[in-house]
Structures are given as structure tokens and as C-alpha cells.
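Dear colleague,

I am handing over the structure we discussed, and below it you will find my notes on what turned up in it. Please read them alongside the sequence and the coordinates.

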Amino acid sequence: MSEATNFFSKAGVSAEVAARFADLHPPLEKTAAVTEALRCLYCFDAPCMGACPTHIDVPKFIKKIASGNLEGSAKTILEANILGASCSRACPVQVLCEGACVMHRYNKQPIEIGRLQRFAMDALHASGDPLPFTPGADTGKRVALIGGGPASLACAAELRRRGVHAVIFDARPLPGGLNTYGIAEYKLPLAESLREIDMLAQLGVEFHFETMVDAAKLAELEASYDAVFLGMGLGAIHKLGVTGEELEGVTNALDFIAGYKSGALKEVPSRVAVIGAGNTAIDAANAAVRLGAKEVHMVYRRGSEQMSAFGFEYEHARQEGVRFLWHVTPVKVVGEKKVTALELARLESAEDGSLVPKEGPHILLEVDLVVLAIGQGTHAEFVSAAGNNSAGKIRLERGRIVIDRETGQTSNTKFFAGGDCTNGGREVVDAVADGKRAGIGIAVWLAAKLEGNHANA
Amino acid sequence: MPTLETTFAGIKCLNPFWLASAPPTNCGEQIMRAFDAGWGGAVWKTIGEQVTNVSSRYSSIDWNGQKMMGFNNIELISDRPPEVNLREMAEVKRRYPKHVVIASLMVESKREVWHEMVQRAEDAGVDGLELNFGCPHGMSERGMGSAVGQVPEYCEQITGWVKEKARTPLIVKLTPNIADIRMPARAARRAGADALSAINTINSITGIDLDTLEPRPNVDGKSSHGGYCGPAVKPIALSMVQQVMSDPMAALPMSGIGGIGSWQDAAEFMLLGAGTVQVCTAAMHYGYRIVEDMGDGLLAWMRRKGYETIDDFRGLSLPNMRDWKHLNLNFRVVAEIHADKCIGCQLCYTACWDGAHQCIHLDRMDGGMEQPVMGTDPRYAQHEPNPQGKPTPAMVFAQSVKTIVTTPIPKLDLDGEGSNSMLTPLERIPRVDVDECVGCNLCSLVCPVPECITMERVETGLCPETWAERVANAESVKA
């Protein structure tokens, strides 16, 4: 077992950033939590549980809040979702548990499941109690996990509970992946992500930081481990492909968000443009407002009805004061050494839905900072080089790793995968669900192999 | 226009709402404020030989976020000197001549002591007397309160002593801490009581502190069983009032007590024969002001029902209570789930499986609606639980947990954000196997949505028949 980690203390949070990014959904006070918990109808085979990708038994943990059994409540959550604390803050509950709540059809507000879940998890953290699980009896088996994000963490927890060694390799200096570096600070502070990983690490998960895994390294890991879990997420944000993109003052949403969260970036210039209209673009735009920009525009080539951000995220951005430029696309980043403006062309939809340039002059939007948020590329090509030497290639589809959804197993039986590198980029909770299924899948596969060996012997 | 004015055992009342003998009627100042708030009468906190009370005195149990579902006290009778209480009674009657003041009495079981107390109370100008034969704590250890009320002979003797002296109507307050409440009621009636009041509080322990292991209410680490009251006791009180009022040897004008806090509660006691009602816990919880809606709501109901006075509906539900053996065995209802109202909580499903007769299923999506209805009376045709071999709740749950779902993305998943939250998916709307349903009501009781599950009458084609009739018929066939 590895020693207790203390990632939490390594969070370099500046007081100023913390103040600017106060909780979007503040914690529930105890009486309010109990009152809210008592409102829950305690549905059978509850729709909220069904809607949760990790199938947290929501009525069960809520009943335990009502009964004052907070330990049991946290354990109920963690049984299903080892990252229950960060999911309680980061999940788009409106389209998950709370969206499915039967109270919608009762002419009442849905139960505030997310905040109740956070209440139970905060209570566990405040108690100082350890994780309510212990590692399983040592099987002697070792699994390498590529990437330290939610999928790998969830997978590692399942493996440890089943007595399998879990060794995580991550390119960054701290664990958690996008959970730590990529979620708006007013939803999930970086420090909270680390606190949760410190708890999970109590199960004896090993971490290797600042370790890039390429095809050669993967081959080495494949040879020395009993199985490999691929949870490295997606790659870099797409480029615009226009002139001036290399100018100073052009960045991408992931670096921008990671920058302010880790304390490297403390302020922004006054005029900011975010290109794209997904949830990450919205996080970046809101962050720009909170970091002091006077004028933040989101630039999107289609209309609001086609944006890939959730409706409530769009609403939130409007409330933050973000302005929207629809049906335009950047054709040039203007500036000498530093960006000074964006040249935008108008677009319109053709009958087949494709976008075509619209007649008329271009728009010149004066900006000091351009943040690209037009989707991430995949980052899985290197895995097709590995695996060749054993049970065949790991099959990819449009850059995504193809898995058996129930077990996370790839076309090469020794490799399992989950999270964004398999689904093209979804929510934390989807990655956790993938990781959990894969962790169980790996343990079952290893045990079956062991039995097979015994039978052969 | 209906009126709340009524006459109870000869006592003229502005309205039937009295405060029961308890802390809300401890002193004249309180009672005058209560009369100002709209109470028609007050039974003064029991007077007798002055006592010393303990600290603390009350405890309660909360339920699902509601405070004081049940309440308990170990306070004794008035701890003020009797002469102070009597002086204040006279003052209240002088200032509020139309309001009813009843003196509640409890003294040691000696004829002359009772005579003296009756004399003093009536000299103070009270409208009537109530004998506290019910107090279950403390006083009973000294041979008073429920120690008298539990023994019909004592009850009869003391009532008799009081009647020798009393010029005002006499109410005997009954204890529920007895096997058959009709026995002391009959005894009081034999001895000439003019009226009864029921029920007094019920022996209870409301709870134990799980840190200190000390029961509540806590008196220096110890507790004593107290008198239970509040909303939780209403069904017990209704049952006891009905038993007394349906007994020709016991029935007298009845002042109903026990968990009353609303006009509906009052109406229910009156439908079982009560002429006035007494309230304590609800007033302790929310203050005297609650009487306003009790009157307002009762009058509105009387108007809707066409009743002019309380006597127009008093006791009307008594004939509808009878022994089980006189119920119609050939009457049948079955549950009907109104799919348009169902929100899909499936509480009826789990309740029917675990707590009833396994006849609600989640099979609308796989042919359940097409299953033939046998048309037989299931209580006699099939005694087999789950005869169709439907999945159990555990099987349903296990299947759900295995399902793989992902967060919907607006652009990719057409049926994404909130699209189904206003409509209950068909597979979540349970179905009643009407052939198996015994009509127990459980599903309709657990359903959180009004009118979503109704119990519908089914024609059995059989003549009404009670158990008593069936036994008698069987015997006549044998003979």
C-alpha cells in the first residue's frame, strides 16, 4: 500500500480567485438539508437513480440524511460513485437525476438531489473519517491506468476493493484530469477535487505524475502489467485554421480554465472572445467575466438552438453578462504581435443544413484575448501501435476507442478503456460509470484467467 | 345561516370549542385572552390540594419534519393555591358572563373533602364541574386521577358524593388507560353524572435520548411515564368516544377530547356524538388563535351540508359503526390507477408486493394490459400469491441497476434535456391485476397524488351477507 497522499495541500488557490468564483450552488445548511430530504417521496426503483449513469441509490441516501445517518448516506453514494463529492457539484443534474424526479409531474420543484448529495459528502469530509471501504485481499495482480482523470480513478477504486494493484500514470503534476483542471471553479474547486482523490488514495492507489505515455511506454506497461486501462481522455482543442492564430493573445479553453484554476492566471484583458458554444466555451466565457473582462463575446457559427451547451448553461452565461454573436465564423485573427481584433464572416444555413457564407461585409470585433473552445481532438492513435504484439489491435472508430460497454474491454482483451477517449467527451459522471464497469470487468477477467491457469495446471 | 351556539348538558355555549383542563387554562389571565381569541369555554386547570411540579415536564415526538405529532407531559394538577384559582374564576365569570368556565376538580377520596371543594368552586360562579378521573401520572400514585377512573366502583362512589352537593352540571372525565372505557362511563352515569368527557391522556414514554440513554422528559436524568396526547391520539380517542356513545348504558352528553386541532377533527368527534370538543395540544403548539379557523371552517362545512346547528349532525355517524361480524362480506372494491394522474413513483407497487397481495405489476409495456380478467372473486378462487409469476421488486431493481445510461447531450441525444420529465413513461405506471386485487386500500393510501388511485366498486352479483348471517345460516342448515 502506498502512503497517505496529501494532494489537497498542493492546491495553489489564490484567495482572490476563490472570492470571484464562489459556489454557484451553495451548500445546504443542516436543517434545510433535512427538510429537503423529507420532501423526497422515496420512489421505488426511482427514476433519479435510473437517470444517474452510476446509478446512485438516491432515495436511499436521501432517507439516510433525513434519519440523521450521514455516515450511511455517504457510504450509499460512494458505493455507486467513488467521486460522489465532485459529481454532486459538477453534474448537470437538470438533465440527470433532478431532471428525472417525479416531482416535475407533481407540480412541485424536483428534489435538490445534487445539493443533498454534496451535503452528505461534505459531512463525510468534515468528519475526518476514512473512506468506508477497505482494499480487497491482495491478488498479486497489477493494472496500469493511463490518465489520472475520473475514469481511471473510478476504475482504480474498484480494482483496489478487489485486491488488484492500481498504478496510475498521468502527464500532469496533480491527479484528477479534467475534474481537477477543467471544471468551472464555481462548480467544483480544484482543491475539492484533490481532497476527494486523497480519500480515494487511502485504498492504496499508486500515482506516477508528469509521465507521458506514448506507444513505446504503453508497450512497456503492457509487458509488465496484467492489464491496462486506457482513460486518457481527449486531446488538444481544435485549431481554427485561419491566419493570425499563432499571435500572442490566442489561447484555448482548456489551458485558460486550467490556468486560472491552478493560480497561474489571475486576470484577463478587458475584451475577450470565446469561439464555440459548448459547455466548455460557456465555462471559459463566464470565467473571463469573473476574471475582470469588461466585454465577453461568444462567437458561434450556428444559432442558439443548435448550441451544444445545456440550456441552463446558456441561461447562466446570459446572467453573467456574456454576449452572443450567432451565425458568424472567424476568418482572420487580426494583430501585429498581439491580437487586436477578430474578423468575422456571416453565415447562413443552406437547405441541407450546411453553412454557407452570407453576402455582406465582414465584422471586425475588437478583442484582446481569443479563447478557442471548438471541441477537442482525439488522442488515441498511439494505442493502435501497442497491443499488436499480443492479442491484436485495439479497435478505434473516429479516433475513439471501441469498448464493450458492460466490461470496458477493448478488442484486445488485455486492454480496457473508458471515459472521454471512448465516448468522445461526456460528463464526469459518465467517465466514473465507465471506469467503475471497467474496474469490475478487469477484476472479473483477471480472476477468470487465474482460474483458467489453475485448470490448465 | 348555521350557528355554532349550542347547549351542552344544560350549559349554554357561544360555540362548542373549549380549552381542556391543562396548561393553556392555568390562570385567569390566560383564559380571558383565550376567550378574546374566540374560545367558547375553558375547563380550568385541575384544582385540588396544592402540588409541587418537576422540571422539565413535556416531551414530544416529531414525524417526518412535522413537530409534535404526539405530546406527553408529567405535569401534575395546578400548582397554584386553590384560593387564587377560585378568586380568578370569579373574576373571569364576572368579566365574561357568556363564556363557559368549568372547574376541574381532584381531591383525596373523602366525601367531605369533595363536598367542600364542590361548594367552593360553585361559589366562585362556575358553569359546571369536571371530575378529573383520568390523569395517568403522579396523582394516580396518590390514589387520585386515573387510580379512581380505572375502578368503576370508585368512580361511581365519588361521582355520587359530588352529585349530593353539586347544583351545576357535572362532567366526568374518563381515562383511556383501561381495558373497556364503557365500564367507568356506565358507573358515572349510574351515579348521576350529567355528562362525560373523553379521553384523558394515555400512558406513554415518548422516546429515549440515544446519547445519554435517558428517557424524555428528563428530570435530573430520570423520567416517569407521562400522559400522551396530540394529533397521534385522535384515532384512539374517536374509537373510545364511539364506544361510549354507542352504549345505551353509558351514553351521556359528551365533550370530545384527543388530538383535536382543526374543524375537521371537531366535526368527526361530533359525528360520533360529541356536543362540545376540548383542545389542548394544538393550542399549546400554535396558540389560542387556532380557534378562528375551527369555527370558520366548521360553519362553512355546515353550510355546505345544510346543517343549521350542531345538533343537526351530532351522532350521525354512530349508526355507521358496527361490529365486524355485521359487515357485508359480499361488497367488493378494487383499485384503479388513473394513468393520467400517475407520476411514476411506484410506491403502490412496492407497497402491494411487500405489504399487501402482490397484485400490482409493472408490465404495461409487456402485455400486462392484455392479460385476461377471469372475472372470479379472487378471494375464493386463487389463494396463490403472484399467480402469474411476475417479476418481484428485487428483480425489477436489479435490472435497473444493470442498465447503461449516459448523460444526454442536447445536440446528440434528441430526447435529451428534460424532454420526458413532464410525462410519466408508460413503463413506470403500475397496473392493477383486478382479478387478484382484494380491495385492501393500501395502494390508494400510499399514493401521494390525490385521486390517482381510486377504489372502484365491483358488482359481485351476490346478495349482502354478514359473517353473523353466514354463521346463522350454516347453523340453520345443520339443524
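Two residues are taken to be in contact if their C-beta atoms, placed from the backbone, lie within 7 Å. Please keep in mind throughout that this is a predicted model.

With that cut-off, and leaving aside its neighbours within four places in sequence, Val370(A) is in contact with Gly249(A), Val250(A), Ala273(A), Ile275(A), Val333(A), Val339(A) and Leu342(A). Val370(A) also belongs to the largest nonpolar core, which has 166 residues, and it is listed with Phe229(A), Val274(A) and Ala284(A) as having the most contacts inside that core. The element that gives the most to this core is helix H18 of chain A (residues 428-456), which supplies 9 residues. Another core, of 98 residues, lies apart from it and includes Ile77(B), Val162(B), Ala166(B) and Val279(B).

Turning to chain B as a whole, its secondary structure comprises 15 helices and 18 strands, and its C-alpha trace spans about 85 × 70 × 50 Å along the principal axes. Of the 479 residues in chain B, 43% are buried. Among its contacts between residues at least 6 apart in sequence, 76% join residues at least 24 apart.

As for where the two chains meet, 32 residues of chain B are in contact with 31 residues of chain A. On the side of chain B that touches chain A, the elements giving two or more residues are helix H11 (347-355) and helix H13 (393-402) of chain B, and H13(B) gives the most, with 5 residues. The residues on that side of chain B divide into 16 nonpolar, 13 polar and 3 charged.

With best wishes

Note on methods. Residues numbered from 1 in each chain as written. Chains lettered and ligands numbered in written order. Predicted model: local features only at pLDDT ≥ 70, side-chain atom pairs only at ≥ 80, totals over all residues. Helix = DSSP H or I, 4+ residues; strand = E, 2+ residues; numbered from the N terminus. Nonpolar A, V, L, I, M, F, W, Y, C, P; charged D, E, K, R; others polar. Buried ≥ 20, exposed ≤ 12 C-beta atoms within 10 Å, placed from the backbone. Core = buried A, V, L, I, M, F, W, Y, C linked by C-beta atoms within 7 Å.
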